[in-house]
Amino acid sequence: MESADIRGTVAGDLWTNSKAYENTEYIVDHYGNRFMGTESERKAKDHILALFKAYGLENPHEEPYRYCGWKRGPCKVEMISPVQREIWAFAHPHSGSTPPGGMEAEVIDLGKGVQQDFEANADKIKGKIVMVTTGWYPGQSYFLGHRVGKHGWTSDFGGVALMIRNETPGGLIETGTIATGYRNTGEIPVVGLSFETGAFIERQLKKGPVKVRIDMQNEVRPDTVGWNIVGDITGAKYPERKVLVGAHFDGHDIGQEAASDDLLGAMVMLDVARALAKFKGTSKRTMRFVAFGNEECLTVGSINYVAQHENDIKNVDIMINGDGLGRWPNPFLCVNNPPELVGPLSRLVEEWKIDASVGVTDSRNPGWCTSTDNHPFTMQGIPTMVISGRGRASVIGAAGRGAAVRDHTICDTMDKIDTFVIKQYAILLAELIMALAQRDEPLIRHSTQEEVLEALRKYGYIDALKAQRRWHPDSILGI
Ligand SMILES: [Zn+2]
């Protein structure tokens, strides 16, 4: 078959025979949310590995790794004064515990709670419970307002606990890890609040000091085992050179499903692998598909993947992160590293008439996006991109990460998934991988370590990486 015919057949297969929705639904209904260290995660892993095998991928296998796990325990939060009231709150994953019997302290509101907010209030934070929102300032990278950094700054400035308030009204609490599970766990108790609870506390603060009591016991579980699932379609001409696509299959535990972040992305990726595997032997480069484990505790699976493949990681020509595949309308190829990749990628997309826009940033991420699975690859100098959607803002119509609709809330459920959108993403991903794997030269060279460090400096990320406890320049675990 000519490559144009293969492309047509693959696109037709993905359009008429899509399995992405039904596979997502099966896993969500039978196994649940796939939170780290749970039976749900392990059963979903077994099921996904069986799909890798059934779909004809070569050498389908799981790659276990160990990390610092965490288990949610009881959590009770109440306002003591000026009024007494129980407060609806959840622990963020990796949150520390209070002393047995709980702790009481005054609350300080630091607004968005990015680095400058902490610095401006440096002398007022010690001994307080810090309240911040889930957001960051306009024009600022999402990364600089990431909750893991807010946790680190609270601890560094002497705060005794952190409450993270949703910026979006609607009564939802947005969850998310506050530590990097691949190397540590949280230092202080951290809970999430709804926008409305935050507004209540803010209103009381206008009248005078507010005292809150937190009683929360969580469990740290060192040496928890997780898994990445890997399968290939081997290239005929340059079998050792890889176009690597990854999407994470784990999810958060506050809802039952965690359907679209990012099980849906993993299942769209797998559907693309299913359609392409029928034509194995026709691409020049190897296509590698990875369903990453535990992205949610800050790229635990992908960090371990890079560490475990240290010896041949430089054979990855490009890494495509599918954390967002099929989630939002209007597909967007968001280049992470290096920014110069935009030129050749745009030309490739034009030449192949692939329906996606290309750029270096979306509204959330001026600069690199470093809080999802492309991060450890970016740190190794490998060209990276995230497939996301320009339609995010119009769908959510909300501030922050738009949690009122789905990500990281109890509302990340199957009813939000649009089967037209997921087929559109599947076809564009298949076309993109085929175009990349058919080349004799990579689109762009790898960055050197000096270039990576320079970019981190330019974006102002080094302080944030330190606050996130992710600054370890001498280790392969992510510069
Ligand atoms: Zn995700």
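In the predicted model, aspartate 223 is placed in strand S10, which spans residues 219–233. The phi angle of aspartate 223 is near 65°, a positive value in a residue other than glycine. Most residues other than glycine have a negative phi, and most peptide bonds are trans. Aspartate 223 has 8 C-beta neighbours inside 10 Å and therefore counts as exposed, the cut-off for that class being 12 or fewer. A positive phi, near 60°, is also found at arginine 34, which belongs to the loop between helix H2 (20–31) and helix H3 (39–54). Arginine 34 counts as buried because 29 C-beta neighbours lie inside 10 Å.

Cis peptide bonds were examined next. Another joins asparagine 337 and proline 338, with omega at about -15°. Proline 338 is located in the loop that connects strand S14 (331–337) with helix H9 (342–351).

At the level of the whole chain, 14 helices and 16 strands are present. The radius of gyration is 22 Å, close to the 23 Å that the globule rule gives for 479 residues, so the chain is as compact as a globular protein of that length. Along the principal axes, the C-alpha atoms fill a box of roughly 75 × 45 × 40 Å. Of the 479 residues in the chain, 56% are buried. Among contacts with a separation of 6 or more, 82% are between residues 24 or more positions apart.

Strand S6 (residues 129–133) is largely enclosed by the rest of the structure, because five of its five residues are buried. The cover extends to both faces of S6: Ile129, Met131 and Thr133 are buried on one side, and Val130 and Val132 on the other. Strand S5 (residues 103–109) pairs with S6 in the parallel sense over three bridges, and aspartate 109 has methionine 131 of S6 as its bridge partner. S6 also runs parallel to strand S7 (residues 161–165), to which five bridges join it. Here valine 132 is partnered by isoleucine 164 in S7. Between S6 and S7 the chain passes through helix H5 (residues 147–156), forming a right-handed β-α-β crossover.

Strand S13 (residues 316–321) is likewise mostly covered, with six of its six residues buried. S13 runs parallel to strand S11 (residues 238–248), and five bridges join the two; lysine 242 stands opposite valine 316 in S13. Strand S16 (residues 384–389) pairs with S13 in the parallel sense over three bridges, and the bridge partner of methionine 319 is threonine 384 in S16.

Helix H1 (residues 3–16) comprises 14 residues and reaches 20 Å from its first C-alpha to its last, close to the 20 Å expected at 1.5 Å a residue. Val10, Asp13 and Leu14 are buried in H1. These residues cover an arc of only 95° around the axis, which puts them on the same side of H1. Helix H7 (259–277) and helix H12 (419–437) are included in what covers the buried residues of H1. The face of H1 turned away from its buried side carries the exposed residues Ala4, Asp5, Gly8, Gly12 and Thr16.

How values were computed:
Residues numbered from 1 in each chain as written. Predicted model: local features only at pLDDT ≥ 70, side-chain atom pairs only at ≥ 80, totals over all residues. Buried ≥ 20, exposed ≤ 12 C-beta atoms within 10 Å, placed from the backbone. Helix = DSSP H or I, 4+ residues; strand = E, 2+ residues; numbered from the N terminus. Pairing = 2+ DSSP bridges. Right-handed = clockwise from strand over helix to strand, strands pointing away. Rg over C-alpha atoms; globule rule 2.2 N^0.38 Å. Contact = placed C-beta atoms within 7 Å. Expected span 1.5 Å × (residues − 1). Arc of directions from axis to C-beta.
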